[in-house]
Amino acid sequence: MLRSRLSRTLGTVLAAGISGTLAISFAAGPAAAEPDHAHCGSETGDTGRESWTDHAELGRKLDSLEQRSRGTLSVDVVGQSNQGRDIWAARVGEGDDVILAQSEIHGNEKTGTEALLALLRTMSAPTPEAERLRQQVTVVAVPKMNPDASELDRRANDRSWAEVVQDFPQLADAEPAWNYYTGTVQGDEYGERPGFDVNRDFHPDLDYVPQADDFPGSSSEPGWYIHPESQTIRDLYVDLQNEFGTVDVFLDLHHQGPCYAVEGGDDRVTMSVSGKFIDVENHQEWNNGYDLEFSKQVTLAAYDELQQANSPFSNITLYPQDIDLPGTALGSFALNGSGTVLFEVRGQTHSWGAKKRGQLISTVERGLVGIVESVADGSVRQLDPERYDRIPETDR
């Protein structure tokens with residue numbers, strides 16, 4: 001009963017909170033047709049950034065949530081980007097189980113920020129359902145963790161290799177990191193303002209100090225914590241470890257290409273999910289409690305919630321499993337014992353309009369609801385992890 005009541009509440013709040021004119025319905029009905037002109041490239045495409053929450057707006061919205069929460073939600077500056085923008089963390093709940101969630105590690109993947117705001121708004125509300133959740137779980141959300149990239153509406157941060165060397169002189173003779181963008185990448189031009197894919201800058205050793213011999217590295221190797229954005233999330237993660245003993249769940253909210261299909265069919269994927277990002281056998285030296293079974297259970301909590309929902313929440317697939325990415329936040333934190341889940345909502349373009357935008361945000365938010373509620377009531381541990389492998393896969 002709690003899940004159904006809270007889901008209805010979240011639907012109402014999300015519809016009211018995203019836009020003064022946007023209404024989102026959870027009622028059954030046909031999914032919105034794909035526009036003929038929808039962009040199907042590998043990059044995110046035109047995100048229509050004026051319609052999303054920018055950095056200044058995010059600060060105002062978080063401040064408003066904190067003031068209206070009457071002490072149930074707190075907002076702190078936990079770090080600053082390379083260009084000096086604040087990185088905020090919002091915290092709600094007093095439960096022993098802690099969930100850390102982040103969005104916009106890639107600045108042109110924006111639905112997660114709106115979904116996290118909706119979740120925070122509802123969990124801090126003066127309702128019996130929200131109060132029960134707050135007693136059972138602690139949620140810490142970092143919306144827009146890469147604000148420089150978000151303001152530029154691109155994947156990578158705004159930082160040069162020379163700035164990295166200035167902060168880490170021991171790297172003066174090293175080759176630039178493999179994930180350093182200086183040309184045209186996924187349609188974005190980095191020639192005049194280079195940057196790095198911050199989601200390749202994490203290391204399972206949370207005390208790691210950058211060493212020249214570890215550069216340029218590769219996608220199958222750990223990162224280095226050379227950027228203030230990744231350092232901020234690492235430090236927050238460690239602080240929560242020290243406070244709670246462990247970070248039970250870590251969630252990372254992303255976008256993928258908009259026109260992937262369900263394997264073996266033509267149905268377009270709404271969102272892909274995954275609890276597997278590394279081949280642990282390759283990284284036993286950093287294995288500090290890796291629990292793939294729990295990550296599968298947490299992923300199932302999101303999947304099951306979305307299967308209960310009506311259109312437009314269908315076509316949830318399993319992200320490709322043949323990856324080994326210890327340099328991602330998900331891979332590094334999984335090796336440190338957290339249940340980790342990737343959300344890859346389909347790419348969004350401005351040409352699809354407000355309705356499709358609202359549907360995509362709702363998909364992410366409903367998945368978050370399923371995880372928060374299942375962790376809060378303990379039901380996540382009762383899910384059969386073998387069902388994870390029966391989730392339809394994405395045909396890429």
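Me: Is Arg366 buried or exposed?
Reply: Buried, because its relative accessible area is 7%. Buried means under 20% relative accessible area, exposed over 50%, and partly exposed in between, with a 1.4 Å probe and protein chains only.

Me: What kind of model is this?
Reply: A predicted model: local features need pLDDT of at least 70, side-chain atom pairs count only at pLDDT 80 or more, and totals for chains, interfaces and linings use all residues. Residues are numbered from 1 along each chain as its sequence is written, and side-chain values use heavy atoms, with hydrogens and water left out.

Me: Back to Arg366. Where is it?
Reply: Arg366 is in helix H10, residues 353-377. Helices (H or I, at least four residues) and strands (E, at least two) are DSSP runs, numbered from the N terminus.

Me: How far is Arg366 from Glu305?
Reply: In space, 6.8 Å, C-alpha to C-alpha. In sequence, 61 residues separate Arg366 and Glu305.

Me: Which way do S3 and S4 run, parallel or antiparallel?
Reply: Parallel, with six bridges joining S3 to S4, residues 137-142. Two strands pair if DSSP finds at least two bridges between them.

Me: Which residue in S4 partners Val98?
Reply: Thr138 is the bridge partner of Val98.

Me: And how many bridges join S3 to S9?
Reply: Five, and these strands run parallel. S9 spans residues 249-256. Ile99 has Val249 as its bridge partner in S9.

Me: What does S9 do with S13?
Reply: Eight bridges join S9 to S13, and the two run parallel. Asp252 stands opposite Leu342 in S13.

Me: How many residues of S13 are buried?
Reply: Eight of the eight, so strand S13 (residues 339-346) is largely enclosed by the rest of the structure.

Me: Which residues sit on each face of S13?
Reply: Gly339, Val341, Phe343 and Val345 are on one side. Thr340, Leu342, Glu344 and Arg346 are on the other. All of these are buried, covering both faces.

Me: And S11 with S13: parallel or antiparallel?
Reply: Antiparallel, with four bridges joining S11 (residues 271-274) to S13. Ser272 has Glu344 as its bridge partner in S13.

Me: On to the surface. Which residues form the negative patch?
Reply: Glu263, Asp322, Glu393 and Asp395.

Me: Where is Asp322, and is it buried or exposed?
Reply: Asp322 is in the loop between strand S12 (316-318) and helix H9 (329-335). Asp322 is exposed, because its relative accessible area is 70%.

Me: Backbone next. Which residues does the cis peptide bond join?
Reply: Phe215 and Pro216, with omega about 10°. Pro216 lies in the loop between strand S8 (195-196) and helix H7 (228-244).

Me: What is the phi of Lys144?
Reply: About 65°, a positive value although Lys144 is not a glycine. Lys144 is in the loop between S4 and helix H5 (147-152). Lys144 counts as buried, at 1% relative accessibility.

Me: And what is phi near for Asp153?
Reply: Near 55°, positive in a residue other than glycine. Asp153 is in the loop between H5 and helix H6 (161-167). Asp153 is buried, with a relative accessible area of 14%.

Conventions: Patch = residues over 30% accessible without salt bridge, like charges linked within 9 Å, V, L, I, M, F, W, Y side chains within 5 Å. Areas by Shrake-Rupley, 256 points an atom, 1.4 Å probe, with all protein chains shown as cover. Salt bridge = Lys/Arg side-chain N within 4 Å of Asp/Glu carboxyl O. Lys, Arg positive; Asp, Glu negative; His and termini not counted. Charge placed at Lys NZ, Arg CZ, Asp CG, Glu CD.
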